[in-house]
Amino acid sequence: MKKINIFLYLMLISAFAFSQWTPQTSGTTQSLLGVYVTTGNAIGYAVGNSATIRKMTNGGTNWTAQTSGTIYYLKSVTYQSANVYAVGALGTILKTTNGGTNWVAKTSGTTKHLNSIVFLDVNVGYAVGETGTILKTLTSGDNWGPQTSGTTNQLNCVVFPDATTGYVVGNAGTIRKTTSGGGTWSSQTSGTTNALYSVSFPITDIGYAVGAAGTIIKTTNGGANWFSQNSGTTQILHSVAFPTTLLGYAVGGAGTILKTTNGGSNWVALISGTTNNLNNISCRTTVTAYVVGDNGTI
């Protein structure tokens, strides 16, 4: 009986570790740095080096090229009420209102590289980047103004779990929080000096951040305290996504994909099928996720 139980246990572990990831044809060899797929997987966009933008409308069976109108790399993309936005090098902010048939450059007011963008509703959005840059728009991205972040460290990711509460993470373990829609940003103690590249808050008080050397940290009280989790890897982790408070994924160097189903108490390495660096994940449901990476990997 003991042998049977052990065999079944190993089968369950194996089934979990071999969660299915299937390659999609991106149509590009450029490194893809950002991806956003809408709930229901109806529409998705991927952006990357050399001003690359790819779009899908059929679950990723086909990704088609779009003309960005810029020569700079694009790092992050987001979707809000039929408007799509992308940010990248030298303060680049692009917007389309017609599904990418035309992309229009917006004046960001900065030449700093922008690494992340998020929109709360059709009007309000934030972008972050080099030297502590935080920008905010109240006009659907048509006008942007700077906010005082309180740091000169590079900021790599921004999230807003509700209309007034937001978090940014960056180099040297930087975490900043606002409870006033960016009116003021306060410092939080991350407990690490490693660069943090991505943050995910499935609800206002529970959040996760990932970064260099396999770093994963978690808070359960809105960032008042952060504690480390054992990722089981020393690979750089570029992106994290939690569609629920318990289910989450982290992706990073050399094809690394990690999964947890218990809020990070345990992280299990999945078979990604690639050794390319994975740079970003979009996971809007509990059953489907999209990951992009180097050499056009989707």
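Predicted model: local features only at pLDDT ≥ 70, side-chain atom pairs only at ≥ 80, totals over all residues.

Reader: Which residues lie closest to the centre of the largest pocket?

Author: The largest pocket has a volume of about 1100 Å³. Its lining counts 40 residues. The closest to the centre are Y36, V158, V159, V199 and V240.

Reader: Which strand gives the largest share of that lining?

Author: Several strands supply at least two residues each to the lining of the largest pocket, among them β1 (32–37), β9 (114–119) and β25 (278–282). β5 is also in that group. The largest share is six residues, and the strand that gives it is β5.

Reader: How many residues in the lining of the largest pocket are charged?

Author: The lining of the largest pocket holds 25 nonpolar residues. Another 13 are polar. The charged residues number two.

Reader: Which elements give two or more residues to the lining of the second largest pocket?

Author: The second largest pocket has a volume of about 500 Å³ and is lined by 25 residues. The elements asked for are β23 (257–260) and β26 (290–293).

Reader: How many charged residues line the second largest pocket?

Author: Nearest the centre of this pocket lie Q20, W21, T22, A289 and V291. By class, its lining has twelve nonpolar and twelve polar residues. The charged count is one.

Reader: How far apart in sequence are the parts tied together by K95 and D142?

Author: The side chains of K95 and D142 meet in a salt bridge, 3.6 Å from N to O. K95 lies in strand β7 and D142 in the loop between β11 and β12, so the pair ties together parts of the chain. The separation in sequence is 47 residues.

Reader: Is K95 buried or exposed?

Author: The cut-off for buried is under 20% relative accessible area. K95 has 9%, so K95 is buried.

Reader: Which residues form the network of salt bridges?

Author: The count of salt bridges comes to two. D142 forms a salt bridge with K106, with the closest N and O atoms 2.9 Å apart. That pair links the loop between β11 and β12 to strand β8 (residues 104–106), 36 residues apart. With the K95 to D142 bridge, the network is made of K95, K106 and D142.

Reader: What is the phi of A82?

Author: Most residues other than glycine have a negative phi. A82 is not a glycine, yet its phi is positive. A82 lies in the loop between β5 (74–80) and β6 (83–88). Its phi is about 75 degrees.

Reader: Is S140 buried or exposed?

Author: S140 also has a positive phi, near 60 degrees. S140 is found in the loop between β11 (134–137) and β12 (145–147). Its relative accessibility is 9%, so S140 counts as buried.

Reader: Which residues make the nonpolar surface patch of about 310 Å²?

Author: One member, L90, is found in the loop between β6 and β7 (93–96). L90 counts as partly exposed, at 39% relative accessibility. The patch is made by I71, Y72 and L90.

Reader: What distance separates the C-alpha atoms of T275 and S108?

Author: T275 sits in the loop between β24 (268–270) and β25. T275 is exposed, with a relative accessible area of 68%. T275 and S108 are 167 residues apart along the chain. Their C-alpha atoms are separated by 36 Å.

Terms used
Residues numbered from 1 in each chain as written. Heavy atoms only, no water. Helix = DSSP H or I, 4+ residues; strand = E, 2+ residues; numbered from the N terminus. Buried < 20%, exposed > 50% of the residue type's maximum accessible area, 1.4 Å probe, protein only. Patch = residues over 30% accessible without salt bridge, like charges linked within 9 Å, V, L, I, M, F, W, Y side chains within 5 Å. Areas by Shrake-Rupley, 256 points an atom, 1.4 Å probe, with all protein chains shown as cover. Salt bridge = Lys/Arg side-chain N within 4 Å of Asp/Glu carboxyl O. 1 Å grid on protein atoms, 1.4 Å probe; cavity = no way out; pocket = protein on both sides within 12 Å on 5 of 7 lines; lining within 4 Å. Points joined across faces, edges and corners; volume = space filled by probe spheres on them. Nonpolar A, V, L, I, M, F, W, Y, C, P; charged D, E, K, R; others polar.
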